[in-house]
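Dear colleague,

Here is the structure I said I would pass on. My notes on the contacts follow below it.

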Amino acid sequence: MINTYQTSLAPPPVPPRLSRSHPVLIPTQLPSSGHSKSLIRFLVGVSLLHLFLSVGGFIYLYHNGKMEKLRSTEGNAAYLSSEKQEVSYKTLARMVVERQTPASTSGYLKWDIKHSLRRGINYYHNSWLTILQPGDYYVYSRVTFSKGDSRRPLATRVRLRKNDTAEEKTMMQAFCSLDSHDGSALIPRLCTATQGEVITLEKGNQLSVWVQDLSLVNYEEGATTFGMYKL
């Protein structure tokens with residue numbers, strides 16, 4: 001006879017198999033519609049700010065470059081203008097000899113003040129040039145003779161005096177020779193004595209050109225001249 005044993009206890013649980021994985025679901029909260037709108041507005045604001053900064057930077061660089069170019073152009077124009085003005089007002093004198101028929105004697109050449117060019121230099125008795133600004137000057141003279149002297153070479157000198165009553169001093173001299181019997185009315189014989197030198201002059205100094213015989217000088221235009229300019 002078989003006896004059956006019954007109990008009220010539940011059977012033991014079966015352990016889970018390791019080969020299978022069970023996903024774990026974590027509940028999340030979906031974003032609300034108000035949060036999405038705020039995010040969109042933020043992104044739009046950032047984009048607009050970036051666009052504004054880009055456009056503003058471009059405008060600034062363009063304007064700054066244009067102003068720099070304008071200042072550079074104005075600076076060059078001002079420099080050229082000042083340089084041109086400096087050249088225009090440079091102290092100088094270029095004298096035209098006065099046509100005359102002097103006697104056979106030594107003396108100082110006279111200048112045609114009306115047709116001569118002077119800037120910052122005065123004149124005295126049509127023969128002397130008076131310095132108004134002290135400094136270093138390049139002084140030059142050119143005297144052409146149309147007749148010779150059988151006794152001595154033809155001489156010309158640039159003389160200086162401190163004022164109209166001071167003693168004269170020879171600063172430069174030049175010579176040329178010409179036979180008094182050479183040449184004719186159709187083919188004249190000429191010789192030119194030229195000189196030039198840098199001389200330091202003070203205010204009030206006077207210079208003039210002396211020749212040994214005024215009657216032998218060629219007074220044609222451009223043949224005989226005298227001048228100076230401040231360095």
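**Thr-224 and its surroundings**

The side chain of Thr-224 makes a polar contact with the backbone oxygen of Asn-218 at 2.9 Å. A polar contact here is a pair of N or O atoms within 3.5 Å; within protein, one must be able to donate a hydrogen and the other to accept it, and residues adjacent in sequence count only if both atoms are side-chain atoms. This is a predicted model, in which local features need pLDDT of at least 70 and side-chain atom pairs count only at pLDDT 80 or more, while totals for chains, interfaces and linings use all residues. Residues are numbered from 1 along each chain as its sequence is written, and side-chain values use heavy atoms, with hydrogens and water left out.

A polar atom of the Thr-224 side chain also lies 3.3 Å from the backbone nitrogen of Thr-144. Thr-224 is located in the loop between strand 10 (206-211) and strand 11; strands (E, at least two residues) are DSSP runs, numbered from the N terminus. Thr-224 is buried, at 2% relative accessible area. For this term, buried means under 20%, exposed over 50%, and partly exposed in between (1.4 Å probe, protein chains only). Apart from neighbours within four places in sequence, the residues in contact with Thr-224 include Val-97, Leu-109 and Arg-142, contact meaning heavy atoms within 4.5 Å.

**Strand 6**

Strand 6 (residues 135-145) pairs with strand 9 (residues 191-201) in the antiparallel sense over 11 bridges; two strands pair if DSSP finds at least two bridges between them. Thr-144 faces Thr-192 of strand 9. Strand 6 also runs antiparallel to strand 11 (residues 225-230), joined to it by 6 bridges. Tyr-137 has Lys-230 as its bridge partner in strand 11.

**Salt bridges**

The whole structure holds 3 salt bridges, each a side-chain nitrogen of Lys or Arg within 4 Å of a carboxyl oxygen of Asp or Glu. Arg-159 and Glu-168 form one of them, at 3.5 Å from N to O. Glu-168 is partly exposed, with 33% relative accessibility. Asp-149 bridges to Arg-151, with the closest N and O atoms 3.5 Å apart, and to Arg-152 at 3.6 Å. Asp-149 is buried at 13%, whereas Arg-151 is exposed at 69% and Arg-152 is partly exposed at 41%. Through shared partners, Asp-149, Arg-151 and Arg-152 make up one network.

**Aromatic rings**

There are 4 aromatic pairs. Rings of Phe, Tyr and Trp (its six-membered ring) pair if their centres lie within 6.5 Å; planes under 30 degrees apart count as stacked, over 60 as edge-to-face and the rest as tilted. Tyr-108 and Trp-128 are a tilted pair, 5.0 Å centre to centre with 45 degrees between the planes. Tyr-108 belongs to strand 2 (residues 107-108) and Trp-128 to strand 5 (residues 128-131), so this pair ties together parts that are 20 residues apart in sequence. Tyr-108 and Trp-128 are both buried. Tyr-138 and Tyr-140 count as stacked because their ring centres are 6.4 Å apart and their planes at 25 degrees. Tyr-138, Tyr-140 and Tyr-229 form one aromatic cluster.

The charged end of Arg-161 sits over the ring of Trp-128, 3.8 Å from its centre. Arg-159 lies over the face of Trp-210, at 5.0 Å from the ring centre. The rule is that NZ of Lys or CZ of Arg is within 6 Å of the ring centre and within 35 degrees of the ring normal.

Regards

Technical notes: Helix = DSSP H or I, 4+ residues; strand = E, 2+ residues; numbered from the N terminus.
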